[in-house]
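Me: Can you put the model up and walk me through a few local details? I'll ask as we go.

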Amino acid sequence: MIEMLKELQPDLMLALIGIGVAFAVLVVLSKALSPKRRLVIAIVELTASLLLCCERLSYLYDGVSGDIGYWGVWITNFMAFILIPISTFIFDHYIMNLFREDLDLKIPKRLWIVCGLSLVDTLLVAAGSMFDGFLFSINELNEYSRGPAFYLCYIIPVLTTVLMLWVVIQHRKHFSKTIFLSLLLFLLGPDVFSILQAFTYGFSLGDLAIMVTSLLIYIFAYLDINDKVENANRSKIMHLEEQQRLARRLFEQTATALANAIDAKDEYTRGHSLRVAEYSEKIAKHMGKSPEECQMIYYAGLLHDVGKIGVPDHIITKNGRLTEEEYDQIKQHPVTGNQILSSIWDYPYLSVGAHYHHERYDGKGYPEHKKGEEIPEVARIISVADAYDAMTSTRSYRAAIPQQIVREEIVKNAGTQFDPEMAKIMQHLIDLDSQYLMKERNEAHELKVDQTLENPEFGTEISEGIHISPEEVTIRFLCESEPGAGEEDLYPSLILFDSLDAMFHKDERDAKNLFCFEYGHIRMDGTITCLGARKIEPLAGSEAPSALTSADSVKPRTREYMIKAFRVKDHAKITIDDGTTSRSIIVAFPDSTRYAYIGLTGSKCTIYDVKIERSETSAKAGDIPRIAEEISYIRENEGDIPNVQIDNFRSDVSKGTLITDGMQMTFHSMSLPTARLIWHCPYIVLFHSDNGEVNGPGYREYALIRLDGEYWDGVDVKNTSSISKEGFEGWDQWKAENKKGIDVTVDFSCIENGIIVKTANLGIALENTTKIGGGKGVVYVALSGDQCAITNIRIKK
């Protein structure tokens, strides 16, 4: 093996010499390194190349007769010896340059010692070479041989290597990994191979190692520069992203502060702009807008009313009807808003939203009477969001309008006041808002109540209703009783009720208009008053020590209380903790359709510091022991698939059925006794899933078709619907007949990449075509709805 390498050695040396010279040229031409670094590395490359060139020539002249042969052997071997300390001297300066430019540290004294020792070694080699036979000898055949002092010439190089290695290892944390590795290779590689060279005469391992590690110095220097550039770019990008994040945050905070300042001009509009922004963003998301577009629309909604800054306060806060002149001033706020926001060049959509959000789809709006799609899309979105929040919020001249009535108003004004597409999306958002979260939110506040439970006017001061849902709600609060309060006044109470606006109403007219229904009262000591509920009973064996860590507050006559409540269909479980005992109470509601709210109240006490938390997991059937029979309207007349009772919006659904061409589905439908709205009727759901069931694996909903004529598009789907109302006798008759019960027939036709659904009921004839992008595939149908019972479902294929 060694003999073969010896034969290849001249060619290998020549190749490495050429590479070394080329690298030296590249280093000089490079702009990435500093001038001093380029000079040092170029000298390292040239010195190593010269060393290897001399070593190669020494082999070529070895044994050549004559003076040329003698001097060729002598000069090349002399250069090979003397270039060793010179290369050490140059490499030492390379490390010094790293300390100056990269580490910005004081150069260690050991490196100066290395510098001095290298010069001394150079002089010793020069002097020793003058004595024939001391370092090397040349015989009469002009053949080179090592002298007795050959091994002594390695003492100083080894010592200098140790000193440099000591410095490098000591400061390793300051070097990059790439540079540190290159330094180790250059310091250890040649010495290791030089030791081996002592045992491989005729093969210049040491010189070859110096050449290779010199090349690596250049390569690793460039790798280090690339890493630094990459890190610098990454840091710059991160810095820019952070600056953008801070700028966005500052913009959001400024915009929010400005919007809050405008809303604060009237106590009845606090939070209005923020809610409009949130609703606008929801609409944009359902339209399939990108996150950037949704954010744009959010900010446009947030600042849509900024022009009100120019409207006098007495007009904004006026309780009575505005005069014509005052109304004209109000109508100028979109123009003022446009003028204020148009100077924000980078966000032109802000001024557009402010300028046109009071335009109407039929052209009867203001300020420019634009109509249809002449109105910018962002303004059409804000328009319906703005109207929705205005109707669901309390005003000085009226209470908040219940959400279901607001929905009817949006349906009524679609195509006139609102863009039909945006109106339909808002209707869908209302349908999905089962807990009525899309409304003006009043923070739980301090209550002062002066009545006793026995007082007929009990509940004069009651908190906003806290919804009881399948997701358990935890309510904590403090209650301070007034001095002189009786034993029965020491405990706050819960009022269980339902109403359209989630507020309890004592006034008979308000209670009737807002369908306020009282289930009963529960005092925190366990005293129960059952009113409209079927039953309210304590759960046997549920009493336990209090779960509260502190029953009594530091304040006198003050106690902490906790309530946990959740609901499954027509039953609720309410756990009350008075700081001494925890007990559970089961409530059986009259049905599963009405909502249930908790209102906090009391007698001669102050309730404050109310905290509300809601679990993310839903309760299931069996989590509440039943104390009354389940209310069911689907026990009889079962058809091909099980009957289904839908107590609230899509709260249940039938089994899925694969649609085939010419298939017909018939069923009987009856609105539940609590139904009062036109959309309390069956819905037809077209979908795909891996198991053929709604919400199954791989679920994709293509269409939601309601018997009242409304429909909803799914993802990657285009729905077209034609509605005929020939023979339709009005919505009151529609609701009345649905209460009695109707028989429904639905026909299905399969077309290319789509499904046609036809049905006619009570004078409303529907034909809906659902075109599915990317191919039709397998499509199923299921029945759902809102507050209706569907029985005797038959499938004819």
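Reply: Quick convention before anything else: strands (E, at least two residues) and helices (H or I, at least four) are DSSP runs numbered from the N terminus. The model is predicted, so to speak of local features takes pLDDT of at least 70 and side-chain atom pairs 80 or more, while totals for chains, interfaces and linings use all residues. Residues count from 1 along each chain as its sequence is written, and side-chain values use heavy atoms, without hydrogens or water.

Me: OK, where is Arg 650?

Reply: In the loop between β16 (644-646) and β17 (657-658). Arg 650 isn't a glycine, yet its phi is positive, about 55 degrees.

Me: What's its relative accessible area?

Reply: Arg 650 has 25%, so it's partly exposed (buried is under 20%, exposed over 50%, partly exposed in between; 1.4 Å probe, protein chains only).

Me: And what about phi of Lys 569?

Reply: Positive, near 55 degrees, and again not a glycine. Lys 569 sits in the loop between β11 (558-568) and β12 (571-577), and 40% relative accessibility makes it partly exposed.

Me: Switching topic: which residues does the cis peptide bond join?

Reply: Tyr 366 and Pro 367, with omega about 15 degrees. Pro 367 belongs to the loop between α13 and α14.

Me: What residues of α13 meet α14?

Reply: Tyr 349, Val 352, Gly 353 and Tyr 356, against Val 378, Ala 379 and Ile 382 in α14 (contact is heavy atoms within 4.5 Å).

Me: How many bridges join β6 to β7?

Reply: Six, between residues 493-498 and 517-523. Asp 498 stands opposite Phe 517 in β7.

Conventions
Pairing = 2+ DSSP bridges.
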